[in-house]
Amino acid sequence: MELYIELFVFLAIIFLIVLSNRFIPWLVKAAIAVYYSVISYIFITTKNKIDERYENITPVPDAYWDKNSAWVDKMTGYYLWSFLIILLFIYFRWFTSVKSKEAEGWVLISFIPSLAVFFTFHIHIQFFIRV
């Protein structure tokens, strides 16, 4: 399970963002939690099956790397694009709810670190979970 620490940190951050946000209704929060739980279960079980199939074969065949990389690439889309949609929705609602131009500027400026977190997770999932 230590292989999936980055994934669990990513999920924890998503759940904190979603559950603490006032712009998302509780039913949608529950749906997001179920969505990420289900795709995480599918991702981990399928990746473990791929790993077990090629476990004691040395040298590791190219077929393993191809299957593993394709699986991680596919699941990265399910994790990250939905996360980006959630972030865009939250920032849109936050931007439209503020009253002053200065507050709108601060909301836009705060979007930059959010995108940095998004791309950091994208890089971590792409390069560290494949191993």
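Predicted model: local features only at pLDDT ≥ 70, side-chain atom pairs only at ≥ 80, totals over all residues.
Biologist: Let's start with α1. How do you know that the span of α1 agrees with its number of residues?

Modeller: At 1.5 Å a residue, the 15 residues of α1 should span 21 Å, and the end C-alpha atoms of α1 are 21 Å apart, so the two agree.

Biologist: What makes the buried residues of α1 line one face of the helix?

Modeller: The buried residues of α1 are Leu7, Phe10, Leu11, Ile14 and Val18. Seen down the axis of α1, they fall within an arc of 100°, so they line one face.

Biologist: Now α2, residues 26-53. How do you know what α2 should span?

Modeller: The expected span is 1.5 Å times one less than the number of residues, so the 28 residues of α2 should span 40 Å. The end C-alpha atoms of α2 are 41 Å apart, which agrees.

Biologist: Which residues of α2 are buried, and what covers them?

Modeller: In α2, the buried residues are Lys29, Ile32, Tyr36, Ile39, Ser40, Phe43, Ile44, Lys47 and Ile50. Their cover includes α1 (5-19) and α3 (62-97).

Biologist: Why are α2 and α3 called roughly antiparallel?

Modeller: Their axes come within 10 Å and cross at roughly 170°. Angles over 145 degrees count as roughly antiparallel, and therefore α2 and α3 get that description. Among the residues making the contact are Tyr35, Tyr36 and Phe43 of α2, with Trp71, Tyr78 and Ser82 of α3.

Biologist: Tyrosine 35 sits in α2. Why is tyrosine 35 called partly exposed?

Modeller: Buried means under 20% relative accessible area and exposed means over 50%. Tyrosine 35 has 31%, so it counts as partly exposed.

Biologist: What does tyrosine 35 touch, leaving out residues up to four places away in sequence?

Modeller: Tyrosine 35 touches Tyr78 and Ser82.

Biologist: How far is tyrosine 35 from isoleucine 50 in sequence and in space?

Modeller: They are 15 residues apart in sequence and 23 Å apart in space, C-alpha to C-alpha.

Biologist: One from α3, then. Why is threonine 76 called buried?

Modeller: Threonine 76 is found in helix α3. The relative accessibility of threonine 76 is 3%, so with buried meaning under 20%, the word applies. Its side chain reaches the backbone oxygen of valine 72 at 2.6 Å.

Technical notes. Residues numbered from 1 in each chain as written. Heavy atoms only, no water. Helix = DSSP H or I, 4+ residues; strand = E, 2+ residues; numbered from the N terminus. Buried < 20%, exposed > 50% of the residue type's maximum accessible area, 1.4 Å probe, protein only. Contact = heavy atoms within 4.5 Å. Polar contact = N/O pair within 3.5 Å; in protein donor to acceptor, adjacent residues only side chain to side chain. Arc of directions from axis to C-beta. Axes fitted to C-alpha atoms, helices over the stretch in contact; angles between N-to-C directions. Parallel < 35°, antiparallel > 145°, perpendicular 65-115°, else oblique.
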